[in-house]
Amino acid sequence: MAEQSGATATGSARPSDDGQGATGSSRRSFLTYLVAAPTLALITRAGADVLAPQPAHAVIPTLPAVADLVDLGDLFILAGAPTSALLALAVETDGTIRFRLPREEVGQGLTTAVAMLVAEELDAPLGSVRVELDDARPELLFNQLTGSSNSIRSLYGPVRQCAAGARARLVAAAAARWNLPASRLTTAGGVVRAPDGRTADYGSLSAEAAAPGLIVLGASPKPAARHALVGTPTRRIDARAMVTGAQKYTLDLDVPGAKPCVVRRPPTLGGAVRGVSNLAAVRAMPGVLHVVTVPTGVAVVAETFGQALDAKAALQVVWGPGPADQLSDAQIRTRLRAATPPLLVPPLLTPYVDAEFDFAFVSHAPMETNSAVADVRDDRAEIWSGLKSPIVARETIAADLGLPLDKVKVHVVQAGGSFGRRLFFDAALEAARISKACRRPVKLMWTRVDDTRHGRMRPATHHRIRATHLLGEVLSFEHRVAAAETDFRHGLGEIITATAASLPSGIGNATLAQTLFLTTVKSPYHFGLTTQTLNEVPTGIPTGSWRSVYSANTRGAEEIVVDELAAATGKDPYRFRRTFLKTDAQRAVLDKVAAEGEWGRALPAGCAQGIAFHEEYKSRTACLVEIDTRDPEHVRVTRAVIAVDVGLPVNPSGLEAQMIGGLTDAISTTLRAGLHLDKGLPLEGSYSQFHWAKQRDTPLDVRVFVLPATGTDPGGAGELGVPAAVGAIANAWARATGSKPRSFPLDFDVDFTPYPR
Amino acid sequence: MPSHTFTVNGRSVTVDAPDDLPLLWVLRDMLGVTGPKYGCGVDVCKACTSHLDGTDVRPCVVPVSACAGKRVTTIEGLADGDVLHPVQEAWLEQDVAQCGFCQPGQIMAAVALLRRTSEPTDEDIDAIANICRCGTYFRIREAIRSAAARM
């Protein structure tokens, strides 16, 4: 039903109630259209945004950074605004409400939050709402990219407007049926009710509500004060499927004829296949159906994955070199240090704090490895995969296969984690090429070793920070970042910006990188003259945005320096932050964790507290942790207290889950999880080597405090939890051990025998 | 090709497969039982955790020949029809799952733990080594505590 046609405007466009937020940050309008269909179906189109800068106040004032004025999410909301057919909602005759969501669900609870918004505005039971992931729809342009903590921010207004429009039509249909004024009817629980007690459920009204001639009053979403469901902790709508094994991920799909497939990959990143010396012998192995060469390696298709894996292991492949064969961690570190601009010389007699930091490469390591199902025929193709940029995936795959765009269908499948990984569609493209070469449907699985070694990584970074201070005031704060280039060649999710990002010489990617850095990284403190700059170094190593992108390392490092500045000026780290934070809203989350976490309580030697703050995408959080370093072989964060203010929380339970997830990311990457690059390939190959936190590494006591709504628009939350937790854990470790944390992960020994290349 | 007969979630099955074919691929590729997930293939991530005669095992490293005459229980066989196992109920109550990919294995590991001890300590729960990349560990801990209380 997502095809729009013969649209009739229903109701006047009017600014939604979120038009003027407390921060004055946005003003939006939406139009809802009726779709020609036998039962009620609507689409909503978003209007223009107007952005206004926010005022700042001062200690020694720091001018607003770019990200204070307009953040990356604001840009995405703006970029998505003009696209028509944004959202599609249908009410079926049995009362089921279907909503096609042009985003990916990777575990962050987006479908639940969207179902809540729909149920809220329709006054329908949450259980009657089905949220389905939309196929790739190129007409949506920038509006089908899942990233930058932006989905709820960009959808909050349009989804509510769409559902409010549907409710208005259902009420109008009941009014016409009963010959009563619509204003006298009420809705609750999926039913329209008349003053005399007559009722009609939505399903029974759906056909009448679709009548083009229906007279409908203007519809606008409820004010937040009338929200009954939004803002209430709500369990995931897909939880039952997940605990019963019914939830289908890409490789669980039953696509007729699709056979298991794995790929033998090169011994160094990006190495090319020169030849296979035992092709006939491998083709004769039990269950083997096809062995074909693709640009990324040698693919084996077999009756079972077990047989495909055996055949892959038996392959004898001659490999050519890759683009980074000589690169190891030491060279990367040297290049990054050389690329870090020098700091300004401090004035004579002005005390200052200096620090340099190194962060290792990190795997995204979602539990579900890269996977895709592809069915490529001579004249058409169909792809299934977990995709956060499905439009550019479809456009790229169509071009690669030499098929017209309208002959390629790309289905978005709910995924087993992403953390940024699924912005790229490496497996979908690879599966399409293999299916084309074998002339049969295939289900491609990257092994864990493939995923860890050949998957993309969070780039290694080097940081140089200098802060000057005098008489208890901070005069300047300089931060120079050098990073292995982050690959943004998915663009904004479609082919135009992806092509721009792929311009020769890396100019396009570098421009996008600077934009991302400037629109996400900012300091929350009044530290006088504050400068943060990024210099990226191309390396040939496959990288990609990793949850919180630049902020985890950049802001994590800054929070460590904040503690060291506090020490240099003889101040308590909590009170020092309190003094220099810019707003009361920032101080509120900090005060909350200090109070609830009993900041300053006595702990045994070798144990300590740490505290940190972070703000991004119109949201803010503070984190207080306690760490136990008494066993150097098993350092553990034992307790965590987090406070979070997202302006307007939609689902506090989901928000809490995101913060706990960010905390676990921070525990892992700060203490033990990273990749060693050795002569063009990571040494790590599985979770026994890439030391992601397990139950025994995580706190016995975690408390998350979701602050009540302080605004009228939700801020971003998907990545918010990482940077403050990185800072808090590192600061706790510093106090517990008396050492300065400088190189991450802090415990990064090669304590394993690497798998063969 | 050798033939192997065993039960999967109460149903008797016979499959023709090499002796050393891991149970995970028999379940997923031959029997269409997709609840157990591939996450590593080497008994490290433990996402495929299932039960063999009531004991938790990792089907990615159990050869199908080792299952002959035994009972294999996967996440699909844990509930009694529509009535969920108390551990599944506890998982819903604590809203544990994020991406959900590891949760079948986490739940099967928790059920096995609660069979061994009705009052698991923090150390017992710490010993569950199943990876959750989303980091739901604290809610898993709370769900196990809750399930222990209700069982």
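## Basis

Helices here are DSSP runs of H or I with at least four residues, strands are E runs of at least two, and both are numbered from the N terminus. The model is predicted.

## Positive phi in two loops

Most residues other than glycine have a negative phi, and most peptide bonds are trans. A:Glu598 is not a glycine, yet its phi is positive, near 50°. A:Glu598 sits in the loop that runs between α17 (584–596) and β26 (607–616) of chain A. B:Asp95 also has a positive phi near 50° and is a residue other than glycine. The loop holding B:Asp95 lies between α2 (86–93) and α3 (103–116) of chain B.

Are these residues buried, or partly exposed? A:Glu598 has 14 other C-beta atoms within 10 Å, so A:Glu598 is partly exposed. B:Asp95 has 23 C-beta neighbours inside 10 Å, so B:Asp95 counts as buried. The cut-off for buried is 20 or more.

## A cis peptide bond

The peptide bond between A:Phe744 and A:Pro745 is cis, with omega about 0°. A:Pro745 falls in the segment after β32 (743–744) of chain A.

## Helix α19 of chain A

Helix α19 of chain A covers residues 721–737, which is 17 residues. From first C-alpha to last, α19(A) reaches 24 Å, close to the 24 Å expected at 1.5 Å a residue. Of its 17 residues, 15 are buried, so α19(A) is largely enclosed by the rest of the structure. A:Gly738 follows α19(A) and has a positive phi, near 70°.

## Two helix pairs in chain A

The crossing of α10(A) past α11(A) is right-handed. On the α10(A) side, the contact uses A:Ala393, A:Thr396, A:Ile397, A:Asp400 and A:Leu401. They meet A:Ala428, A:Leu429, A:Ala432, A:Arg433 and A:Lys436 of α11(A). By class, the residues of this contact are six nonpolar, one polar and three charged. An α-helix has 3.6 residues a turn, so residues three or four places apart point the same way.

The second pair is α4 (residues 151–178) and α5 (residues 202–209) of chain A. Their axes come within 8 Å and cross at roughly 85°. Angles of 65 to 115 degrees count as roughly perpendicular, and α4(A) and α5(A) are therefore roughly perpendicular to each other. From α4(A), the residues in contact are A:Arg169, A:Leu170, A:Ala173, A:Ala174, A:Ala176 and A:Arg177. Their partners in α5(A) are A:Tyr202, A:Leu205, A:Glu208 and A:Ala209. This contact has seven nonpolar residues, no polar ones and three charged.

## Where chain A touches chain B

How many residues of chain A are in contact with chain B? There are 47, and they touch 46 residues of chain B. On the chain A side, α6 (239–244), α8 (305–314) and α18 (652–671) each supply at least two residues. Helix α18(A) gives the most, with seven residues. By class, the side of chain A that touches chain B has 21 nonpolar, 17 polar and nine charged residues.

Definitions and conventions
Residues numbered from 1 in each chain as written. Chains lettered and ligands numbered in written order. Predicted model: local features only at pLDDT ≥ 70, side-chain atom pairs only at ≥ 80, totals over all residues. Left-handed = near helix turned anticlockwise from the far one by under 90°. Contact = placed C-beta atoms within 7 Å. Nonpolar A, V, L, I, M, F, W, Y, C, P; charged D, E, K, R; others polar. Expected span 1.5 Å × (residues − 1). Buried ≥ 20, exposed ≤ 12 C-beta atoms within 10 Å, placed from the backbone. Axes fitted to C-alpha atoms, helices over the stretch in contact; angles between N-to-C directions. Parallel < 35°, antiparallel > 145°, perpendicular 65-115°, else oblique.
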